[in-house]
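These are my notes on one model.

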Amino acid sequence: MGGATLLSDLGTEIVIPICALIGIAFAVLQWLLVSKVKLSTASKNGITDPLVEEEDGVADHSVVRKCADIQAAISEGATSFLVTEYQYVGIFMIAFAILIFLFLGSVEGFSTESQPCTYDKTKLCKPALATAIFSTISFLLGAITSVVSGFLGMKIATYANARTTLEARKGVGKAFIVAFRSGAVMGFLLAANGLLVLYIAINLFKLYYGDDWQGLFESITGYGLGGSSMALFGRVGGGIYTKAADVGADLVGKVEQNIPEDDPRNPAVIADNVGDNVGDIAGMGSDLFGSYAESSCAALVVASISSFGINHDLTAILYPLLISSIGILVCLLTTLFATDFFEVKVVKEIEPALKKQLIISTILMTVGIAIVSWIGLPSSFTIYNFGEQKVVKSWQLFLCVAVGLWAGLIIGFVTEYYTSNAYSPVQDVADSCRTGAATNVIFGLALGYKSVIIPIFAITISIFVSFSFAAMYGIAVAALGMLSTIATGLAIDAYGPISDNAGGIAEMAGMSHSIRERTDALDAAGNTTAAIGKGFAIGSAALVSLALFGAFVSRAGISTVEVLTPKVFIGLIVGAMLPYWFSAMTMKSVGSAALKMVEEVRRQFNTIPGIMEGTTKPDYATCVKISTDASLKEMIPPGALVMLTPLIVGIFFGIETLSGVLAGALVSGVQIAISASNTGGAWDNAKKYIEAGASEHARTLGPKGSDAHKAAVIGDTVGDPLKDTSGPSLNILIKLMAVESLVFAPFFAVHGGLLFKIF
């Protein structure tokens, strides 16, 4: 074949960890820059900052102290919730780890003898027991990394929110930089940690596996399973928490009592702000980490049975990790464009600055991928394609990654077009509020369904191109391409909840109207970037789960999946139903938790005297407790549905039916996920469009409190569970079922299909 790679194996072993460490160092640097904003009132050399005095006209100390208190309350609430959640999830993690060990170990009856290899019967490979042990270890590693990623993100976000509020007094540009830098801390920590832990795990496992690379990379698949199973609970639990609080606060506060959002008189206000951090930040972090881990695992599994693995070409097999390493460097450069090269000075520049981040990172990354493909791949090689080896050239693999990368950008921009209030779709939704909530809901649903069209074509084109060039490996690297700029994607994504919190803190600390306007502008841009982030997560989930599906089919030893056999077809239909079942569970959970929250908030307004006058503080703690209890109780059934389905189907109905279920869930899940998150995002921004009153059209729809505005609030409230609970959790459902099937494939291949064996 096409000779050696330009980059030596030693070079690869140095480049990958160094890039990861650079990413961690950059995150620490950004964090130090954010921490320069002080939350204590002692100012430089005892003289208060004159700039602040003039603008606020109030003694500054009380405001800073209030901000610090509110930030402490939010941080404490978020930490205690996550710690409790991780205790629940920890129990599950240990139970599932035991299950992996038992199921995979039993494939060859726990024997410790070397076995003939799956793909080459002439050679001996390590026993299935080894795969069981190492899969279990990598599962735990993935789970712990996922949890740590989410937790660190939440810590940084709660650290930065009040600092963003205080910087907003100096102008919108300063506040933007604090919020953006803190987002970058999370993005880089996550990308670098994910890469570093995976790299170290591969090297440690190699000490045992030696030349048996198939066994090595099959046991690494546990890493993706661990990452995603934690993400599922983080996303569902966090999503239920945040939306119960949000819906409760909105319905009673805005619609019944006519007080503004984030008003300190609202008992649910702390719970609402805590929710932004546990749902959007910790959940999103774990989610994207899961996608990243899984696409790497899918690529590595297919590569290990291709010429890379057969010839033991280390640089070429670690190509997925090299892409991520270059990704970290590219994102580092891109981040400097937002924080150092160009400064945001006025409100209009916020959204373009965030959009430029996506464009710059994509263009630079295209160059980065070209370089990696040139030095990290042989000029031609073979890729395993359902039983035979397919010859692939290095430029074709470059195109696979690039098509994924650009498809991600397209999905991002389409999402933005449908959810940003700068464009006609959201303005039409806002306009439909004139005639009440019903028309608003109709228009919003239609917008969500319509927004599915272009992303699906982007995904289908990238699947077709990458599959034609490099079979399943092509799809896996296309997913990696989409996720290669994950550090930037997460930075603009985490920026949203941070600015949302900053606005809440400004309102609660009683800051002046001008500051609240600035934080609102930051927040509206953040809403759109959050929608873009969700678009990325869903698009990459579709590609990742298809790649995992391919790896599963290879590992289970099926060469074709016949749609027209009854075994497969029943699987398809049931699989397509699962996202609906799952959405029903999560929506209902949010609804019932919100109901409890509404009752509690009403009770406080009615029974505690002096809340509306602002003379007594509402009881925030009870509301926080309602959200916490509800989300911990309600995250178990949807989680169980996703985790148990592949096991039940695989054991009782066998591999063919399971492949049908995976395909069905993928096909229907992507559609619901995109439409749900875009509908919710559009309703939210239609409400913000009316509130901001920036254009003539928006002013005719009313100030806050007009009928049109109330209709918009109802739409926003309906959309909340769609965009923050069901939609984002669905992409985890698709990926998780696929990666779980991949990990358990050997067991299903040997012992699965009990029902069909009986008959």
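Which helices each supply at least two residues of the lining of the largest pocket? I found helix 11 (350-376), helix 16, helix 17 and helix 20.

Before going on, I note that this is a predicted model, in which local features need pLDDT of at least 70 and side-chain atom pairs count only at pLDDT 80 or more, while totals for chains, interfaces and linings use all residues. Residues are numbered from 1 along each chain as its sequence is written, and side-chain values use heavy atoms, with hydrogens and water left out.

**Pocket**

I took a pocket as an open set of points on a 1 Å grid over the protein atoms alone, with protein on both sides within 12 Å along at least five of seven lines; a cavity is a set where a 1.4 Å probe fits but cannot get out, and lining residues have an atom within 4 Å of a point. Points are joined across faces, edges and corners, and a volume is the space filled by probe spheres set on them. Helices are DSSP runs (H or I, at least four residues) numbered from the N terminus.

The largest pocket has a volume of about 880 Å³. I counted 30 lining residues, with Asp520, Ala521, Ala524, Ala692 and Ala694 nearest the centre. Helix 17 gives the most to this lining, 7 residues. By class the lining has 14 nonpolar, 5 polar and 11 charged residues; Ala, Val, Leu, Ile, Met, Phe, Trp, Tyr, Cys and Pro count as nonpolar, Asp, Glu, Lys and Arg as charged, and the others, Gly among them, as polar.

**Cavities**

I found 8 cavities of 30 Å³ or more. The largest cavity holds about 460 Å³ of space. Its lining has 38 residues, and Asp276, Asp280, Asp500, Asn527 and Asp684 lie nearest the centre.

**Cores**

I looked up nonpolar cores (buried Ala, Val, Leu, Ile, Met, Phe, Trp, Tyr and Cys joined through side-chain atoms within 4.5 Å). Buried means under 20% relative accessible area, exposed over 50%, and partly exposed in between, with a 1.4 Å probe and protein chains only. The largest core has 229 residues, of which Phe176, Tyr319, Ile350, Tyr473 and Phe552 touch the most other members. Helix 5 (residues 172-209) gives the most to this core, 23 residues.

Beyond neighbours within four places in sequence, Phe176 has contacts (heavy atoms within 4.5 Å) that include Ala338, Ile350, Tyr495 and Leu522.

**Ring pairs**

I counted 28 aromatic pairs. Rings of Phe, Tyr and Trp (its six-membered ring) pair if their centres lie within 6.5 Å; planes under 30 degrees apart are stacked, over 60 edge-to-face, the rest tilted. Tyr223 and Phe289 are edge-to-face, 5.7 Å centre to centre with 80° between planes. Tyr223 is in helix 6 and Phe289 in helix 7, 66 residues apart. Both Tyr223 and Phe289 are buried.

**Backbone**

Which residues did I note for positive phi? His312 has about 55° although it is not a glycine, and Ala471 is near 50°. His312 is in the loop between helix 8 (307-310) and helix 9 (314-317), and is partly exposed at 30% relative accessible area. Ala471 lies in helix 15 and is buried at 1%.
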